[in-house]
Amino acid sequence: MTLLPPARLYIDGELRDAQGGKTFEVINPWTGDVAGEAADATSQDVDAAIAAARRAFDETDWGDPGNRASRVALLTKLRALFEENKDRLAALARFEAGAALGAVGMAHVDTANQGWDDYLAVFDQVTWEEDLGNRDFRGFPSHRKVVYEPVGVVAAITPWNVPHYVNVGKVVAALLAGCTVILKPAPDTPGMGAIWGELAAEAGFPAGVLNVVFGKDPAAAGEQLVQDPRVDLVSFTGSTGVGKRIMEAGAATLKRVFLELGGKSAKIVLDDAPDFARECAQSMLVFHAGQGCAVQSRLLVPRSRYEEAKAGLAMAYQGFGDNWGGMDEPTHIMGPVVSARQMERVLGYIELGQQEGATLLAGGKARPDKGGGYFIEPTCFVDVDNSMRIAQEEIFGPVLVVIPYEDDEDAIRIANESQYGLSGGVVSADQLRAERVARRIRTGSISVNGGMCIAGDLPFGGFKGSGMGREWGLAGIEEFLDSKVIATRLAS
Ligand code: NAD
């Protein structure tokens, strides 16, 4: 039984099948069965999408300064259509990305739509022009201004884990800035991309302004977008390895690249944290089976209180018990991992952790009894040293590693000894102490005592191997603008 409507391409204002009519199966992570089918774009389809986006940027008034209010109006209309289609978005999150019912509203649908509202709310604050006044420089008296213009054609390449959230983060910001867009979702979640085509057509988007392509091969369409000289900017969210390849391949055409990559964020619980054992217990990595780039997947606790932390966590995992993995359970926040490939990868890391000498405090096994899908128990490793691969590499599954530290300096050193720097947290009874530690962590966002450091009006992005550039909020829109100086000679 297919649960989802067919995912069709959207090219130059038309909802289309792939040339030649090829399709591929979308697999339901809960059951391993086919959930739907999607058009398998050919390179001619991708070429047509690029040509359409180029033409819409170069030959229409989409990106013109006089068109800003119309862009806002159209994106407001599209936002309303996405609101009307919340149930369909929820079904897509469940049956493409494996979101549990208790998690669907959170990261998958509502947070994304609220982020869209945040973009609309900050749009008035975008700086489109700055007057830098007169200056006589080297005998050329001039009046100077800087104008900010849309970068051009944007390829938005997105992952499967929170697909609606990431699609909104890129597509809405780029369109508001005045760019034209080709959205390329992951092969696991094509329906989350296809819905943009359907609703953009319904909203009356001009042909070519937004295009959506996807295919079975994870790399082919993306590589074509990255290599094509008609694409000006690639906005990518995904793994660090693919991000590096995109930067390399984009160099041939001097592509602007914006990268949101992986993470291995540290939560540091300081020795004076209030309700210490409960704080540690709350650090279980279970939401959406740990498949979030900004999740706090390394828990750093003082060695002096390591046993207390372990006891708190052991109780928490025991209490969580079997309250996960129910496809129709409204209270469950954890389902399967997204695919057979991802399951194999995560189980490989669990095996590796044991070989490296870490101790399993909870979980560690596949759970085929939960259904034909890709179920892995909530898993926690203790006695972890930060040099182990399970502490250094992004597992992207429900696997928490707990690392002891000696003092605040040691905690800071361990948190920073990572190729990544996307998010993190610090908890202490002393807010100033926590903030002092937070300021020394090399990361793009960090929570102090549970503060919410990720929201649609806050710039989000990484240090180091977690990427470059910022998404969301004002910075997210300005990422899609280029500056141009206009200097007018004044009479001497
Ligand atoms: P991935 O890197 O395998 O794929 C991401 C996207 O890139 C997909 O659309 C894929 O089809 C495409 N792609 C794959 N190979 C490509 C190539 N050679 N050229 C161009 N495009 C290519 O990542 P994934 O497995 O879909 O997602 C999981 C990863 O994404 C994790 O590492 C996670 O941390 C990261 N992620 C990061 C953020 C963030 O904001 N930093 C958010 C979500 C996910």
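For the classification used here, Ala, Val, Leu, Ile, Met, Phe, Trp, Tyr, Cys and Pro count as nonpolar, Asp, Glu, Lys and Arg as charged, and the others, Gly among them, as polar. On this basis, in what is a predicted model, the residues of the shell around the ligand divide into 16 nonpolar, 7 polar and 5 charged.

The ligand is surrounded by 28 residues, of which T158, P218, S239, L261 and E394 are the closest. Three elements, namely α7 (220-227), β10 (233-237) and α8 (240-250), each contribute at least two residues to this shell, and the most come from α8, which supplies 3 residues.

Polar contacts between the ligand and the protein backbone were found at several positions, as follows. For T158, a polar backbone atom is 2.7 Å from an oxygen atom of the ligand, while for P218 a backbone N or O atom lies 2.6 Å from a ligand oxygen atom. In the case of G238, the corresponding separation between a backbone N or O atom and an oxygen atom of the ligand is 3.4 Å. The ligand taken alone exposes 850 Å², and the protein buries 93% of that area.

Helix α3, spanning residues 86-95, packs with helix α6, spanning residues 190-203, at an angle of about 155°, and their axes are 9 Å apart. Because angles over 145 degrees count as roughly antiparallel, α3 is described as roughly antiparallel to α6. On the α3 side the contact is made by R88, L89, L92 and A93, and on the α6 side by G191, M192, I195 and E198. Under the classification given at the outset, the residues of this contact of α3 with α6 divide into 5 nonpolar, 1 polar and 2 charged.

Methods: Residues are numbered from 1 along each chain as its sequence is written. This is a predicted model: local features need pLDDT of at least 70, side-chain atom pairs count only at pLDDT 80 or more; totals for chains, interfaces and linings use all residues. Side-chain values use heavy atoms; hydrogens and water are left out. Axes are lines fitted to C-alpha atoms, for helices over the stretch in contact, and angles run from 0 to 180 degrees between N-to-C directions. Helices (H or I, at least four residues) and strands (E, at least two) are DSSP runs, numbered from the N terminus. Angles under 35 degrees count as roughly parallel, over 145 as roughly antiparallel, 65 to 115 as roughly perpendicular and the rest as oblique. Contact means heavy atoms within 4.5 Å. A residue is near a molecule or strand if one of its heavy atoms lies within 4 Å of it. A polar contact is a pair of N or O atoms within 3.5 Å; within protein, one must be able to donate a hydrogen and the other to accept it, and residues adjacent in sequence count only if both atoms are side-chain atoms. Accessible areas come from the Shrake-Rupley method with a 1.4 Å probe; for residues, only the protein chains shown count as cover.
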